[in-house]
Amino acid sequence: MNTRLVIGFCILTLLLAACAPAAATPIATSPREAPLYEVPEVERPVEPEPYRPQPTAVIGGNTFQDYGVNPEQRAQRDHLSTFALDVDTASYTVARRYIEDGSLPPIDAVRVEEFVNAFDQGYEPPSSSAFTIYADGAPDPFDYSEAYLLRFGIQGYRVDYWERKPLALTFVIDVSGSMDLENRLGLVKETLEVLVEGLDSRDSVAIVVYGSDARLVLEPTPADRPERILRSIRRLRTEGSTNVEAGLRLGYRTALQAYRPEAVNRVILCSDGVANTGETRANALLDMIDGYVSEGVDMTALGFGMGNFNDVLLEQLADRGNGFYAYVDTLEEAERLFINELTSSLQTIAYDAKVQVDFNQELVAEYRLLGYENRQLSDDEFRDDSVDAGEIGAGHTATAVYQVRLRPGAEGRIATVQLRWQDADTRQVQEINGNFNTWDLYPSFEESDAYFQKAVLVAAFAEVLRASPYTGASLGEIASLARQLARELPYDSEVQEFAELAGRAARLSANE
């Protein structure tokens with residue numbers, strides 16, 4: 001793997017006063033010589049007003065939420081950037097579905113961080129600690145006023161398949177009439193079959209279905225009886241309206257009955273997100289699951305279908321349920337989630353993970369976080385451990401991309417990155433940090449690491465689709481650079497797919 005980050009980090013591991021001391025978590029370092037840059041101050045007489053979240057919008061039968069676009073921040077006015085980590089990937093897969101179907105996605109469907117986190121970042125996992133912080137940066141290839149893009153990444157420790165915890169899974173499956181459209185239930189069944197194939201005698205599966213009402217179709221069953229589980233899955237048929245409230249209530253009750261303290265206890269909701277019977281208000285549904293979450297049952301929300309799909313409800317349920325949200329558009333995506341990444345998809349290693357980046361006001365004139373608009377926290381919430389933040393699975397990565405403008409003659413520390421989380425097993429709160437400096441910057445985008453280039457191009461792609469007023473990129477430019485990167489990495493299937501997708505999007509945009 002190419003050496004890239006490269007934080008000359010001084011690490012500090014902090015625990016709450018009540019917690020036992022722990023060894024410091026190592027930060028990946030690889031000091032590099034790099035030229036320093038004199039970047040002129042950019043005068044901005046009028047700062048664009050930040051976008052404000054808008055009410056949910058139904059677009060083509062699909063429900064999305066406009067969370068706005070982060071504005072540029074002057075470091076002297078606010079030098080701290082604080083947000084909850086996010087490992088969801090649904091937004092990228094939803095956009096891919098739109099583009100492959102022949103149209104650009106609605107801007108409300110695009111969340112930049114979920115695009116970036118859908119791709120492998122190439123980070124090495126820590127060998128003797130929970131997390132490693134990575135960072136690198138280079139000149140912004142789409143900005144001609146000498147801005148830089150920085151990539152800050154968090155890599156969690158990996159757990160081998162045979163070392164993972166047992167899984168006590170309760171599938172809650174939407175079998176309402178809308179799941180008959182586009183063979184949605186058919187893809188759900190294929191997805192669950194893929195998941196069951198990855199289980200073994202340590203695991204158990206229960207199945208709850210809901211249409212107009214909910215019922216248990218498979219009591220908790222050991223996974224070494226796959227024929228019984230698969231038979232229950234294959235017999236599923238669509239029926240009735242959509243009572244998601246009844247499905248979740250029965251699903252969580254079943255999960256609590258099957259609860260094992262030593263296991264991963266998880267409800268896996270498979271739905272198009274529609275709710276039209278029983279309790280349909282999002283806030284009421286979210287409040288309902290809080291009590292179950294406190295009992296130790298987490299959630300995974302899997303979205304299916306398009307044309308009658310509620311992205312907002314599924315994302316919010318996963319966030320409140322201490323889980324993650326993915327959209328399944330193909331069997332290949334199901335295999336990625338539940339064969340290639342089974343443990344990271346299901347076994348949580350950190351709760352309430354959050355990041356605070358402290359920009360050096362003497363060096364940084366302005367900065368802007370790309371994405372994480374609906375994950376923003378106030379600066380004083382970083383060390384408030386009652387605040388709900390993000391969950392991270394074993395081996396998961398979470399990456400944030402910033403655009404920064406440095407002051408003339410900038411030399412030294414650009415920023416300090418701080419990560420705080422609650423260990424999933426001990427419930428102890430831990431914190432690490434490290435510095436990123438001007439000499440850690442690549443001299444040019446073309447000379448930067450291939451993984452950095454991929455992250456930048458994916459983030460720029462999302463920014464353009466999001467109609468961000470701050471991006472200087474075009475879909476054509478992104479597609480051109482993506483094709484170039486694909487030629488350099490002919491065996492990277494992610495890059496090949498992205499280059500093709502960016503090319504399609506550019507052609508769709510040109511034809512509008």
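**Exercise 1.** Find which residue of β13 is the bridge partner of Thr300.

*Solution.* Go to β13: the bridge partner there is Phe324. Now step back to the strands, which are DSSP runs of E with at least two residues, numbered from the N terminus like the helices (H or I, at least four). β12 covers residues 298-303 and pairs with β13 in the parallel sense, over four bridges; two strands count as paired if DSSP finds at least two bridges between them.

A word on the model: it's predicted, so local features need pLDDT of at least 70 and side-chain atom pairs pLDDT 80 or more, while totals for chains, interfaces and linings use all residues. Numbering starts from 1 along each chain as its sequence is written, and side-chain values use heavy atoms, with hydrogens and water left out.

**Exercise 2.** Work out the strand order of the sheet and say why one side of β10 and of β13 has no neighbour in it.

*Solution.* Start with the order: β10-β9-β8-β11-β12-β13, six strands in an open sheet with mixed pairing. Next, the ends: β10 (214-222) and β13 (324-327) are edge strands with a single partner each, so one side of each stays without a neighbour in the sheet.
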